[in-house]
Amino acid sequence: MTKAIEALKKLVDGSDNMVFFGGAGVSTESGIPDFRSTNGLYHQEWKYPPEVILSHTFYKSNPEEFFRFYREKLLITGVRPNAAHEKLAQWEREGKLKAIVTQNIDGLHQAAGSSNVLELHGSVHRNYCEKCGKFYSFEDILHSEGVPHCTCGGQIKPDVVLYEEGLDQRIITSAVNAIANADLLIIGGTSLNVYPAAGLINYYRGNKLVLINKSAVARDLAANLVISDPIGETFSQL
Ligand code: CNA
């Protein structure tokens, strides 16, 4: 066990009110590309940059291209939770972890058994008709063609927060409460580039802050412990 893992284990063992704040890097070891790593979506060739395609304006003006990208890049099949998702679910079962605040939309925390998952950016597993509100699953969208439509004729929109769209206020409030009351905050697999999500960690008032991220993050953090190894690999050693 390295010194860093030992230090992390000590912090986790001593906590019964942990919160995890994460992003796309939590799921890369499950085979889902993130945005900003070298093999992430921002470095792949596409007609428009991802932040343009995944914007509300683009969704409205060019829905065919939006859904082409969405199906190919965001609806990834056959993925399973990795050791990071599993360990967080275990800590919740043990009563140590109070909430997962995630920017991910892949549902892998729930697949691992976590229940208090605050999804800041929604989920690819929920889709609704814009006209009548009827629910559609991940598979419904995956197996649809072109722009998906409801039986009532309305267009179906993924319950994913697009650029230019606001976040759900109730989720923000729950996330702020959890972070503000946490004794240990672990931030992992996020570049901390996307706001307002990245700003939520400012509500942490404790003195046990851990950062587990493969590359440098976009802000200065007064972290007690910084680990630059893959998060699944790291958590599997605890
Ligand atoms: P990002 O900006 O792509 O940053 C990911 C960070 O994780 C990078 O700094 C990487 O160095 C780091 N990283 C990658 N793999 C690992 C690993 N195994 N262990 C530790 N660190 C790792 O992604 P953010 O989440 O910060 O950006 C927010 C966006 C990305 C949100 O709007 C998400 O909806 C969106 N996104 C989500 C998914 C998903 O749901 N799995 C996938 C791709 C993008």
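The model is predicted: local features need pLDDT of at least 70, side-chain atom pairs count only at pLDDT 80 or more, and totals for chains, interfaces and linings use all residues. Residues are numbered from 1 along each chain as its sequence is written, and side-chain values use heavy atoms, with hydrogens and water left out.

**Stop 1: the ligand**

The shell holds 28 residues; the closest are Arg 36, Asp 106, Thr 190, Ser 191 and Ser 215. Colour them by class: 9 are nonpolar, 13 polar and 6 charged. Here Ala, Val, Leu, Ile, Met, Phe, Trp, Tyr, Cys and Pro count as nonpolar, Asp, Glu, Lys and Arg as charged, and the others, Gly among them, as polar.

A backbone N or O atom of Ala 24 sits 2.8 Å from a ligand oxygen. At Gln 103, a polar backbone atom is 2.8 Å from an oxygen atom of the ligand. For Gly 189, the distance from a backbone N or O atom to a ligand oxygen is 3.4 Å. The protein covers 96% of the 860 Å² of accessible area that the ligand has on its own (Shrake-Rupley method, 1.4 Å probe).

**Stop 2: the core**

Select Phe 21 and Leu 185. These two have the most contacts inside the largest nonpolar core, which has 24 residues. Such a core is a set of buried Ala, Val, Leu, Ile, Met, Phe, Trp, Tyr and Cys residues joined through side-chain atoms within 4.5 Å; buried means under 20% relative accessible area (1.4 Å probe, protein chains only). Two or more residues each come from β1 (18-22), β2 (97-102), α8 (169-181), β7 (184-188) and β8 (209-212). Helix α8 gives the largest share, 5 residues. Helices (H or I, at least four residues) and strands (E, at least two) are DSSP runs, numbered from the N terminus.

**Stop 3: the open sheet**

Move to β5-β4-β6, an open, antiparallel sheet of 3 strands in that order. Strands β5 and β6 stand at the edges with a single partner strand each, so one side of each has no neighbour in the sheet. Strands pair if DSSP finds at least two bridges between them.

Select β4 (residues 122-129) and β6 (residues 156-160): 5 bridges join them. Cys 129 has Ile 156 as its bridge partner in β6.

Next, take β5 (residues 135-136), joined to β4 by 2 bridges. Tyr 128 partners Phe 135, and Asn 127 stands opposite Tyr 136. Finish in the β4-β5 hairpin, with 5 residues between the strands, where Gly 133 takes a positive phi near 85°.

Terms used. Near = heavy atom within 4 Å. Polar contact = N/O pair within 3.5 Å; in protein donor to acceptor, adjacent residues only side chain to side chain. Buried < 20%, exposed > 50% of the residue type's maximum accessible area, 1.4 Å probe, protein only.
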